[in-house]
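Hello,

Here is the structure I promised to pass on, together with some notes on its pockets and its ligand. Please have a look at the model first and then read on.

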Amino acid sequence: MAQKFVIGNWKMYTTAAEARHLSQAIAAGIGTDDSVTVAVCPPFPYLSLVGEILKGSRIALGAQNLYPAKEGAFTGEVSPTMLLDLGCQYVILGHSERRHKLGESDAFINQKVRVALSAGLDAIFCIGETLEQRQANQTKTVLDRQLFQGLDGLSAATLTHLSIAYEPVWAIGSSGHHATPQQAQETHAVIRHCFGQMFGERSAQTLAIHYGGSVNPKNADTFLKQTGVNGVLIGGDSLNAEQFLAIVQAGISQTQSQVEAA
Ligand code: PEP
């Protein structure tokens, strides 16, 4: 049985003092059960601070973006080498806010995924359709395009360091819309099928696909228990230690009931 993931995306929130307080509270409350993989992704300026606090804990550090070059004249950008230097294991790439608010293309995201994986980072590759696309029955077409273009040219050897986060754009944050666990499960199956076409059935079966979009302590369990949902990516509720830890606990309980049922 694949290990479940709970990943926090702090987006462009927290001050240094808040980042310190939040990471200390998460580290203090995480407990010793390591049956769920836990990672937090603070803003760039606080990676070092949070990384120091999490050192020795079972919580991994991740970044929210990178620039696809080792180094160079790219004012304002952050390289994979720098992320590794700061102790990052994970990097979120292709988040819908970067696609839609910052205009990132599938081709640019593809460069980032390739560079992240070849640098040795674990890439969390985000995909998802908008509300208009879902209503126009374009969900599969959009996801297939994001997968084929975003993962183009990846070598099979790096796939164990890749996971996918399915985040329907319409269900993120305070949009007022929520995907049902059933919709998440169905769409994860569509993604896994497409991935299988690209990289083979074996790779598709071991691929971790996370769900993201208004996941909270009340509904985390219903998403995590769906077949093919391997983890959750949390935005808003990752900024509150109590809520975030409750979602981790939901993952642990879910894992325990799956072990008991097996
Ligand atoms: C996200 O933006 O990655 C996300 C899942 O946000 P939220 O949990 O706030 O919907």
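In this predicted model, 33 residues line the largest pocket, and those nearest its centre are N9, K11, M12, Q64 and E97. The volume of the largest pocket comes to about 840 Å³. Two elements, α4 (96-100) and β8 (231-234), each contribute at least two residues to its lining. By class, that lining holds 14 nonpolar, twelve polar and seven charged residues.

What takes up this space? The largest pocket is where the ligand sits. Around the ligand there are 14 residues, with K11, E167, G173, S214 and G235 coming nearest. This shell is made up of eight polar, three nonpolar and three charged residues.

Some of the contacts are worth a look on your screen. The side chain of E167 places an N or O atom 2.8 Å from an oxygen atom of the ligand. For G173, a polar backbone atom is 2.7 Å from a ligand oxygen, and a backbone N or O atom of S214 is also 2.7 Å from an oxygen atom of the ligand. On its own the ligand would expose 290 Å², of which the protein buries 96%.

There is a second largest pocket too, of about 320 Å³. Its lining has 16 residues, and L159, T160, H161, L162 and T206 are nearest the centre. β5 (122-127), β6 (162-166) and α9 (201-206) each give at least two residues to this lining, with β5 providing the largest share, three residues. Here the classes are ten nonpolar, five polar and one charged.

Best wishes

Notes
Residues are numbered from 1 along each chain as its sequence is written. This is a predicted model: local features need pLDDT of at least 70, side-chain atom pairs count only at pLDDT 80 or more; totals for chains, interfaces and linings use all residues. Side-chain values use heavy atoms; hydrogens and water are left out. A residue is near a molecule or strand if one of its heavy atoms lies within 4 Å of it. A polar contact is a pair of N or O atoms within 3.5 Å; within protein, one must be able to donate a hydrogen and the other to accept it, and residues adjacent in sequence count only if both atoms are side-chain atoms. Accessible areas come from the Shrake-Rupley method with a 1.4 Å probe; for residues, only the protein chains shown count as cover. On a 1 Å grid over the protein atoms alone, a cavity is a set of points where a 1.4 Å probe fits but cannot get out, and a pocket is an open set with protein on both sides within 12 Å along at least five of seven lines; lining residues have an atom within 4 Å of a point. A molecule sits in a cavity or pocket if more than half of its atoms lie within 2 Å of its grid points. Ala, Val, Leu, Ile, Met, Phe, Trp, Tyr, Cys and Pro count as nonpolar, Asp, Glu, Lys and Arg as charged, and the others, Gly among them, as polar. Grid points are joined across faces, edges and corners, and a volume is the space filled by probe spheres set on the points. Helices (H or I, at least four residues) and strands (E, at least two) are DSSP runs, numbered from the N terminus.
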